[in-house]
Amino acid sequence: TNKISSAMIRKQAESEWSYVILNEVDSTNNYAKKLVVNGERKNTVVIAETQTLGRGRVGRPFYSPEGSGLYMSILIYPTLNVEYAPLITSFTAVAVAKAIEKLTDYNALKIKWVNDLYMNHKKICGILTEAGFDFEGGAIDYAVIGIGINVLGLDFPEEIKDIATSIEKETGKALSRNEIASEILNHLSNLSESIKDRSFLDDYRERSNVIGKNILVIYGDEKFHAKAVGIDENAALVVETERGIRTLNSGEVSIKI
Ligand code: BTN
C-alpha cells in the first residue's frame, strides 16, 4: 500500500480518469502541461513518487522527497469562463481539506489564504494551479491543478522544519496516498458546476485561519499591516487598512499571520 498505484486509485474513484504514474519527474505540473501541448484532451491525473524540481507559488521550490508525499497534478478541461479561474484553487483547497478530514477524523484543518493547508499551525499541503485560456471565447481552455501533500513521517530540511509538517506527524495516521488521491478526485469531479454555485466558499471561510487576524501583507513593492476581515465571492481576501478597505487578489500577495 505504500506505492502509488493507478489500479488502487481507480478502484475507489467514482469518475473516469486517465492516469500517468511516474517514479521521478521534474514537476508533475510540467508533465501535465506537456500533455496539453501534445494535444492530449483527456482529463488526466499525473502522480510521481518524487519530483526533482517540484514548484510552489511565486517561484518557490516544493520539497518532494521519494515515498513520503503525494505529488499530483490534475489536468482538466473545465467549462468555465475566465472570471472563475481564481476560484479553482480555493475550490481545490476545500476538496483536499474534506478528503483529509474524512480519512483522519482531524477536524481542525485550516486553510491559509490562498491555498495552503495547515495542521497545528504548520503546513501540510500546497496547491499550484496553472491554466490556459481561450482568449477569443473568454473561456478557460485547460487547468493543471498541482497538489503537494506531506503524508508520511518526513524529516524536513532545516529551512522549513519549523513551518512544515506531515499528516502522519500531526495525527499519528499513516494514510495511503492512493486513498487520499481517489478521495480528492471524488471531491473534484463536479468542479465546474460547484464553482459556479460558489457555495463551497462557506466551507472555505469556515476553515480560514486568517479571517479576523492581523496580518502583514507583501504586495509587490508595498508592505503593510492590515486586519483580514473576509473572503469575498471571488475568493479574494478583504482587508482593513489605515486607509480603508482593500481587496487582495491571489498571485500578487504574500501574507504573514
Ligand atoms: C505552494 O506550496 O506554494 C504550492 C505547492 C504545489 C506543489 C505541487 S506538488 C505537485 C505539483 N507539481 C509541482 O511542481 N507543484 C505542484
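Predicted model: local features only at pLDDT ≥ 70, side-chain atom pairs only at ≥ 80, totals over all residues.
**Entry 1: the second largest pocket**

I began with strand β6, which gives the most to the lining of the second largest pocket, with six residues. For my own notes, a pocket is, on a 1 Å grid over the protein atoms alone, an open set of points where a 1.4 Å probe fits, with protein on both sides within 12 Å along at least five of seven lines, and lining residues have an atom within 4 Å of a point. Strands are DSSP runs of E with at least two residues, helices are runs of H or I with at least four, and both are numbered from the N terminus.

Residues are numbered from 1 along each chain as its sequence is written, and side-chain values use heavy atoms, with hydrogens and water left out.

I looked up the volume of the second largest pocket and found about 240 Å³, the space filled by probe spheres set on grid points joined across faces, edges and corners. Of its 15 lining residues, A85, P86, T89, T129 and S250 are the closest to the centre. The elements giving two or more residues to this lining are α3 (85–104) and β6.

**Entry 2: the largest pocket**

Next I turned to the largest pocket, which holds about 1200 Å³ of space. It is lined by 49 residues, and R60, D116, Y118, K123 and I163 are the closest to its centre. By class, I noted 23 nonpolar, 16 polar and ten charged residues in the lining. Here Ala, Val, Leu, Ile, Met, Phe, Trp, Tyr, Cys and Pro count as nonpolar, Asp, Glu, Lys and Arg as charged, and the others, Gly among them, as polar.

**Entry 3: the ligand**

Where does the ligand sit? I found it in the largest pocket; "sits" asks that more than half of its atoms lie within 2 Å of the pocket's grid points.

I then checked polar contacts, pairs of N or O atoms within 3.5 Å. An oxygen atom of the ligand is 2.6 Å from a side-chain N or O atom of K123. The protein covers 98% of the 420 Å² of accessible area that the ligand has on its own, by the Shrake-Rupley method with a 1.4 Å probe.

Last, I looked at the shell around the ligand, where β6 gives the most, with four residues.

Note on methods: Polar contact = N/O pair within 3.5 Å; in protein donor to acceptor, adjacent residues only side chain to side chain.
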